[in-house]
Amino acid sequence: MAYDGFYLTYKSDKETNERFDKIQQKYPSFRMVKINLEDWADPKIEKAITKIASITNTKHFWIVDPDVKVDDDFDFSFETTEHDNELTHVWNCTERNVFRSIVGVKLFKTKDVKKKKPAHITDAYYLTGEYKEHKSTQVNYTPTTETYDIFFWDKGYGYKELSKLKEKYTVNVVDGKSSLDIHKKCREQTRTDFYYLIMPNTKIYDSFKFNYSFAFGLDKEKQKVVVWQKENPETNLSREYHGVGLFPTTGTLFSEKEYNIFNFRRKAVYEKEPASSDLEFEVVRTNDLHSFDHKVDSDMYWLIHKDVKDFNSDFYPMSYDREYIHNFHIKLKSGKVIRNGVRLVPTINPTIDKQKDIDVVVGTIDAVQEITARTIEEAIPLATGHNFWMINPDLTQTTKIVKDFYPDLYETGPTHLWKQSTRDGMKDLGYGGIAYSNVDYHPENIIFHDEYASRVPDKHNIKKYYTRDPYSAYKRAKKEVYYWVVDTVVELLDTFDFDFYPDIFSIENVFAFQSEGEAGAGVYLVHRPHLASFNPSEEDFSFDRFKNIIRVDEVVSRAVGHPAFYFDEGMYSENTAKYKNDNTVDVLTGPIEETYLKAAKLTGTGYFWAIDNDVEVLTDFDRTLYVDRHHKSYFHVWPKENPYTGFVHQYGGLKLIPAEALLHLKPSSDKLRKMSFKNKKPIKSETVKTRDIPYDVVMLSYQEKEADANYAKLLERVPNAKRVHGVKGIFNAHQRASEIADTKMFYVIDADAILLDDFKFEYFPTVWDEDTVHVWKSKNPINGLVYGFGGLKLFPTQLLRDAKEWRVDFTTSISDKFKPMPATANYTAFNTNPYDTWKSAFRECTKLSSSVIHRAKQDETDERLEIWCTINNDAEFGEYAIAGANAGREYGTTHAGDDDALSKINDYEWLQMKFKEDTNVK
């Protein structure tokens, strides 16, 4: 190309740029020159060409007139000849422009343009001067359509609509944080005088062709912005100027706010024909209205709770409100309207710091699932949706909360708990009974409502078990969730009617209620599933050992009085008569192994008081003793005093007997008397005691001359001493003594026995020795021996009554148990006459020599026998003692092992005959 080229245009539209680009690709030295050519009469063309002449570097320069389209094969390498070098060359279009000027391609001589008047230039447009015209079909007047670059603001959404636009148009995508940033980038990137900017929340109508043309004759320098109306896609009503605008590439930028809301006042043309609508807001169904991390393709989206039905909204906020979260209302089935369920959320940077409430109902809420459960954790697996009501089946609803309540928007995440009360509503039982919650329940995210929504029902459906055995109740209640256990050792107060229920936070526990005084808990409310999770065994089962026990600060019971029974075994008639007149004690007569079992069946408390017939209860006692469950099967025994010393010598006499244990064991009378149970509990009481009733003392006399005198002495020591006199036979006399004895043991003192002054009846055997024959030592007045011969004896009464035969040594043989006592109780004044002296010596030495004395030590026996036979200390009738002793030794030795012969020594008539025979005494 020999000459510089200049492409004139009064507009930088897209098509103009494309025509210029094609020329410049072949002829790079071509340049575009922008002129203002709204008015052809205005000498702007002349000025522009004159200016071009001043800067060109070639002797000629090319001019392509505005709106002229030059074919690709036009030859811009043309050069003038010497014959036409001084002329202006023109390639004119066949059609004139809108100003009736002749336009086309012109080749001006640079020197002429510079030196000649402007008319030289206008001659070329009106063909009034000298020129050379070249005929050509490659140059045509074809005004361009005013198309401008199109930009799309990429905010992270609107891509579906962008994709559709790109199918028809070339759309440039720009991104930026603010409107000013975007417009600056558009100005930098565009090559057109104006550019379209599409907001990403916009759907461009198909009728809009991006071909806006400015009005003829309008000064584009004053034409700043063109904006179109945007419609609501639901109502098709125009709402605001927004969505798409045509903006100038040059000039002063508007403010951020003006760009944001498309409000340019008089600096814009506001087209009435809508060009677009809002993009429809996407809908997100969720259970969480507070999480805003959803990926959508619209600038806002509907966040709708899954509980909401019949959603319908044609609400589209204005552009200036789209950074706000919009909260809407829904209607419950009851008709109540609440703010919840639906939110319209900005896609970009939503924040609760920018939100507003819209007083519009956009949906309804179906009834929320009602789940029968006692805890939230129990209800969650049963939930079919996100939200649910937990309704405790053990309580009664007192309000319409379940129908009228749905949480406010900012209270949907937490669980809502209401209070529960006693039947009359007067006592607060904490929170529980009714709860509104969701499957994302967290125990630290709870809203507490002070309104009472439930109460204990008039008729409680929780089973009650009256028993001392909580394990049996536990086993029987295997189908229950809650059950009551009432200990049979307590009675309920009139003020308590099971009007209690735990709050929801302590529901999985055992609840122990107080009893009056020092009594332990007697009433329990048990949550069985939780208790069962520990797999308790019968051996270690005890509520009080359970670590999850809650002690309720309420007294609901008192220890019940246990029935008292006096056990009459046929003795202690005076004591029996007293209790028969006592209407607080029942007298049971008969063998104690039978009467104890009878008492166990009669009691209604699980226990009964047992008063032995051989004791005196020193003080009245409280029948309402409480036995804790750790010792529920224990046999409780109270102290028993020796009536002579006042000291406690053993436990018994007064007992508290566990009926169930007794019926299970069915103990013998011996076990009952001795209370020989492993689970025996002595009660160390200073106030409640019993005292043994002193044993009867019986003197045995036959024909002893001194018997009356000795009996009188005995009465001085024992005023109620009894006497058996004149009964033939020692065996018969002893049995008669057992018959008149009214105590379970009785003392026997021979008529010839004189009690020592320092001897006292202070001894009481333990229960283990009550079937033992006790023999005290006595002093022999003739030979000085001190041992059991002629000594005081203590016999078991019933054992003696039941005896069927008399053995040679009755004292040591009547019982398998014999206990020689260490003390000396008396001396035996048997040497009152020849016969009694001889008789006593004969009988004793027959026993010693025949070895009939049970458990005797042979060396001691031999020594005693020798003393009897040899020593009399010159005592009165001492010779008869030695004679009787030697005769007895001979008789015993001769008849050893012959019980019939030996038993004759207990026959007083035979003894008299033997005495006469041996001594010739008449």
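Predicted model: local features only at pLDDT ≥ 70, side-chain atom pairs only at ≥ 80, totals over all residues.

Biologist: Which strands do the buried residues of α5 pack against?
Modeller: They pack against β9 (149–154), β10 (171–175), β11 (194–198) and β12 (202–204). Packing here is contact, meaning heavy atoms within 4.5 Å. Helices (H or I, at least four residues) and strands (E, at least two) are DSSP runs, numbered from the N terminus.

Biologist: OK, back to α5. Which of its residues are buried?
Modeller: In α5 (residues 159–166) the buried ones are Glu161, Leu162 and Leu165. Buried means under 20% relative accessible area, exposed is over 50%, and partly exposed is in between (1.4 Å probe, protein chains only).

Biologist: And where do they sit, seen down the axis of α5?
Modeller: The buried residues of α5 fall within an arc of 105°, so they line one face of the helix. That arc is taken from the directions from the helix axis to the C-beta atoms.

Biologist: Switching to sheets. What's the strand order in the one with β1?
Modeller: That's an open sheet of six strands, β2-β1-β3-β6-β5-β7, with mixed pairing. The edges are β2 (30–34) and β7 (131–133), each pairing on one side only. On average, neighbouring strands are turned by 25° against each other, direction ignored. Two strands pair if DSSP finds at least two bridges between them. Axes are lines fitted to C-alpha atoms, for helices over the stretch in contact, and angles run from 0 to 180 degrees between N-to-C directions.

Biologist: How many bridges hold β5 and β6 together?
Modeller: Four, with β5 (residues 88–92) and β6 (residues 104–109) pairing in the antiparallel sense.

Biologist: New topic: how many cavities of 30 Å³ or more turn up in the whole structure?
Modeller: One. The largest cavity has a volume of about 50 Å³. On a 1 Å grid over the protein atoms alone, a cavity is a set of points where a 1.4 Å probe fits but cannot get out, and lining residues have an atom within 4 Å of a point. Grid points are joined across faces, edges and corners, and the volume is the space filled by probe spheres set on the points.

Biologist: Which helix gives the most to the lining of the largest cavity?
Modeller: Helix α1 (residues 14–26), with four residues. The lining includes Arg19, Tyr27, Asp72 and Phe76.

Biologist: Now β26. Why call it largely enclosed?
Modeller: Ten of the eleven residues of β26 (residues 428–438) are buried, so it is largely enclosed by the rest of the structure. Strand β23 (residues 387–391) runs antiparallel to β26, joined by five bridges, and phenylalanine 388 stands opposite serine 437 in β26. Strand β25 (residues 415–421) is also antiparallel to β26, over four bridges. In the hairpin of β25 and β26, with six residues between the strands, glycine 425 takes a positive phi near 75°.

Biologist: How many residues of β20 are buried?
Modeller: Eight of the ten in β20 (residues 337–346), so to speak mostly covered. Strand β17 (residues 300–305) is joined to β20 by five bridges, running antiparallel. Strands β19 and β20 form a hairpin with five residues between them, and glycine 335 in the turn has a positive phi of about 95°.

Biologist: Last one: valine 718, buried or exposed?
Modeller: Valine 718 is buried, with a relative accessible area of 10%. You'll find valine 718 in the loop between α16 (707–717) and β43 (722–725). Not counting residues up to four places away in sequence, valine 718 touches Val697 and Phe761.

Technical notes: Residues numbered from 1 in each chain as written. Heavy atoms only, no water. 1 Å grid on protein atoms, 1.4 Å probe; cavity = no way out; pocket = protein on both sides within 12 Å on 5 of 7 lines; lining within 4 Å.
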